[in-house]
Amino acid sequence: MVRNLKAIILAAGQGNRLKPLTNEKPKCMVELFGKSLIEHQINAYKSCNISDISVVTGFRNDSITISNVRYFRNERYQITNMIESLFCAEKILNGDVIVSYGDIIFEKNVLKLLIQSDNDISVIIDKNWKDYWSIRSKNPLADLESLKLDSEENILSIGQKVNKLEEIQGQYIGLMKFSEKGVNILKDFYHECKKISEKKANPLNVNLPFEKSFMTDLLQGLINSNYKLHSVPINGGWLELDTIEDFETYQRMLKNNTLQKFIKLEELN
C-alpha cells in the first residue's frame with residue numbers, strides 16, 4: 001500500500017483547441033473511451049491505492065462533481081498558468097506528492113513506475129514520442145520542445161524550443177512526483193522566483209509575466225539552479241487530449257483497432 005502519497009490534478013483550463021467539446025465544460029471533463037479524462041486519472045490513482053486526491057479547478061468548476069476528492073479553485077485561471085494553479089493548493093503541498101496535468105490519461109503501469117522512483121524530483125518522459133507525434137502532427141518540430149538527458153538519466157533541458165529532433169530524447173507528458181524534500185525545494189524555489197519577479201524580470205521566463213510561466217519554465221529553473229530532476233522513462237502508455245484533431249484521431253484509432261500501439265485501455269484502471 002502507498003502511504004502518505006497524495007495526488008494533485010491541475011484541471012483549471014477550458015481547452016480552447018478542443019471546442020466545441022469544451023464550450024460548456026473544462027478540458028478535464030471531456031469524455032474519452034467512456035469516461036472523462038479526470039475519471040480516468042482518479043481511477044488510475046485509486047488502483048495504486050492513492051486516495052488523497054486534490055483537483056485544482058478554474059473554468060466551469062461547477063461541472064466537476066467527482067466525489068471523495070478535495071477541490072481548490074484558481075480564480076485567476078484565465079490569466080495564469082499551471083504553476084499558479086499548483087500553488088492554489090499550496091496548503092496541502094507537503095509530504096510526497098504526484099502532480100498531473102488534467103488533459104492526459106495514463107496506464108496504471110506508468111503510475112507505478114513513477115511511484116517506485118525514490119528521487120526527490122521524478123518526471124515521466126515518453127521515449128516513444130516519435131511514433132506518437134507522427135499521428136498527431138505533420139510537423140513535430142512546430143509542437144515539440146527540448147528534453148535532453150545526462151548519462152544518469154537526469155534532465156538537462158526541458159521545454160525549450162528546438163531546431164532539430166536530436167534535441168529531443170523523450171517527451172514530457174505532464175506527470176511528475178516530488179518527495180517531501182522535493183516539495184520543499186519546489187516551494188522555496190517558487191517563492192524565491194516570485195519575489196525576484198516583483199522587482200525584476202521574471203527569472204523563469206523573461207518573455208512572460210511570472211504568473212503565466214509554464215511548468216517547464218519552473219522545472220528548467222530548478223535544473224539551472226543545480227537541482228536534479230530524474231527522468232522516469234516509458235514507451236507509450238499515455239495520451240494527451242489537446243485538440244479536436246486529437247479527439248478525432250483517437251476515436252478513429254479505437255474503431256480500427258490501432259490504439260493499442262500507444263495505450264492499452266484495459267490498463268487504464
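Which loop is Asn226 found in? Select this residue to begin the tour: Asn226 sits in the loop between α7 and β12 (230–234). The names come from DSSP runs, numbered from the N terminus: helices are H or I with at least four residues, and strands are E with at least two.

Before going on, a word about the model. It is a predicted one, in which local features need pLDDT of at least 70 and side-chain atom pairs count only at pLDDT 80 or more, while totals for chains, interfaces and linings use all residues. Residues are numbered from 1 along each chain as its sequence is written, and side-chain values use heavy atoms, with hydrogens and water left out.

**Stop 1**

Most residues other than glycine have a negative phi, and most peptide bonds are trans. Asn226 is exposed, with a relative accessible area of 69%. Here, exposed means over 50% relative accessible area, buried means under 20%, and partly exposed is in between, using a 1.4 Å probe and protein chains only.

Next, select Lys19 and Pro20. A cis peptide bond joins them, with omega at about 10°. Pro20 belongs to the loop between β1 and β2 (31–32).

**Stop 2**

Now colour β9 (145–149) and β10 (155–161). These strands pair in the antiparallel sense over four bridges; two strands count as paired if DSSP finds at least two bridges between them. Pick out Leu147 and you will find its bridge partner, Ile158, in β10.

β9 and β10 form a hairpin with five residues between them. Click on Glu153 in the turn: its phi is positive, about 70°, although Glu153 is not a glycine. At 29% relative accessibility, this residue counts as partly exposed.

**Stop 3: two residues in the next loop**

Follow the chain to the loop between β10 and β11, where Glu166 has its place. Is Glu166 buried or exposed? At 63% relative accessibility, Glu166 counts as exposed.

Which residues is Ile168 in contact with, leaving aside its neighbours within four places in sequence? Show Trp129, Leu144, Glu145, Leu147 and Val162 to see them. Contact means heavy atoms within 4.5 Å.

**Stop 4: strand β11**

Move on to β11 (171–178). This strand is mostly covered, with eight of its eight residues buried. Strand β6 (residues 96–101) pairs with β11 in the antiparallel sense over four bridges, and Ile98 stands opposite Lys177. Strand β8 (residues 121–126) also runs antiparallel to β11, joined by five bridges. Val123 has Met176 in β11 as its bridge partner.

**Stop 5: helix α1 and the cores**

A nonpolar core is a set of buried Ala, Val, Leu, Ile, Met, Phe, Trp, Tyr and Cys residues joined through side-chain atoms within 4.5 Å. Of the 50 residues in this core, Ile38, Tyr45, Phe106, Leu175 and Leu239 touch the most other members.

The buried residues in α1 include Leu37, Ile38, Ile42 and Tyr45. An α-helix has 3.6 residues a turn, so residues three or four places apart point the same way. Zoom in on Ile38: beyond residues up to four places away in sequence, Ile38 touches Ile9, Cys28, Met29, Val55, Ile64 and Ile66. A second, separate core of 37 residues includes Phe87, Ile185, Leu204 and Phe210.

**Last stop: the largest pocket**

Finally, find the largest pocket, with a volume of about 1500 Å³. A pocket is an open set of points, on a 1 Å grid over the protein atoms alone, where a 1.4 Å probe fits, with protein on both sides within 12 Å along at least five of seven lines; lining residues have an atom within 4 Å of a point. Grid points are joined across faces, edges and corners, and the volume is the space filled by probe spheres set on the points.

Of the 50 lining residues, the closest to the centre are Lys27, Asp103, Phe214, Glu240 and Asp242. Among the elements that give two or more residues to the lining are β1 (5–11), α2 (82–87) and α8 (244–255).
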